[in-house]
Amino acid sequence: MTTTDIPTLETARLRLSAPEAQDYPDFKATFASYRARFMGGPLNAYETWMLYAAEIGHWQIRGFGMWMVHLKDSDETVGMAGGWQPAKWPEREVAWIIWPDRAGRGFALEATQRVRRYFYESCGWDTAVSYLDPKDLQSIRLAERLGAERDREAATVDGNEVCYRHPAPARLRDSQLAHGIEMEIQNYIDPLFTPKGWALD
């Protein structure tokens, strides 16, 4: 699969597209920063280059991978989200990272919800996990907001992370959980959002 074959996904605020050369500076800055401490970083210039090359090559080897997350109204890149399963990964992972200065605005939730739906509905995945550093409380909270639960029986990459298993497609389909995720995303889009037909007290 070449970058031209990678589908573009959209949400209310975001456009998810193939990683391109022009996106590398933001990627490099993030993985060279303290924010990458839960993902094997901070990395030096050579390591960030090799990892970015792996992001692009992953699509060709696995047929799925990570998208660059852009704001639809400005085309600004704010992070990455998608699938990840390099060598030694026991299972296919749903992963995400938002650039440090764009965190806290719901972009990770919105993008990850969209890519998970794509993998379930378009790729036929029946399960997915996220491997998280046990000290990365922000990512653990996000996984839990997505309905993922810690799977203590699942294999991990090297024993230093925890595995959170995402709800199966059937459990998500038209469920209270899925509706709740969409309502939270809507609240990020419009803080004055009021769900129709729901009491506020």
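Me: At what angle do helix α3 and helix α6 pack, and how far apart are their axes?

Reply: Axes are lines fitted to C-alpha atoms, for helices over the stretch in contact, and angles run from 0 to 180 degrees between N-to-C directions. Here α3 (residues 107-122) packs on α6 (residues 176-189) at about 145 degrees, the axes being 10 Å apart. Helices are DSSP runs (H or I, at least four residues) and strands likewise (E, at least two), numbered from the N terminus. The model is predicted: local features need pLDDT of at least 70, side-chain atom pairs count only at pLDDT 80 or more, and totals for chains, interfaces and linings use all residues. Residues are numbered from 1 along each chain as its sequence is written, and side-chain values use heavy atoms, with hydrogens and water left out.

Me: Which residues of α3 and α6 meet?

Reply: Contact means heavy atoms within 4.5 Å. On the α3 side are Leu 109, Glu 110, Gln 113, Arg 116 and Arg 117; their partners in α6 include Ile 181, Glu 182 and Tyr 188.

Me: How many salt bridges does a search of the whole structure find?

Reply: A salt bridge is a side-chain nitrogen of Lys or Arg within 4 Å of a carboxyl oxygen of Asp or Glu. The search finds ten. One of them joins Asp 75 to Arg 15, with the closest N and O atoms 1.9 Å apart. Asp 75 is in the loop between β3 (66-71) and β4 (77-84) and Arg 15 in strand β2 (residues 14-17), so the pair ties together parts 60 residues apart in sequence.
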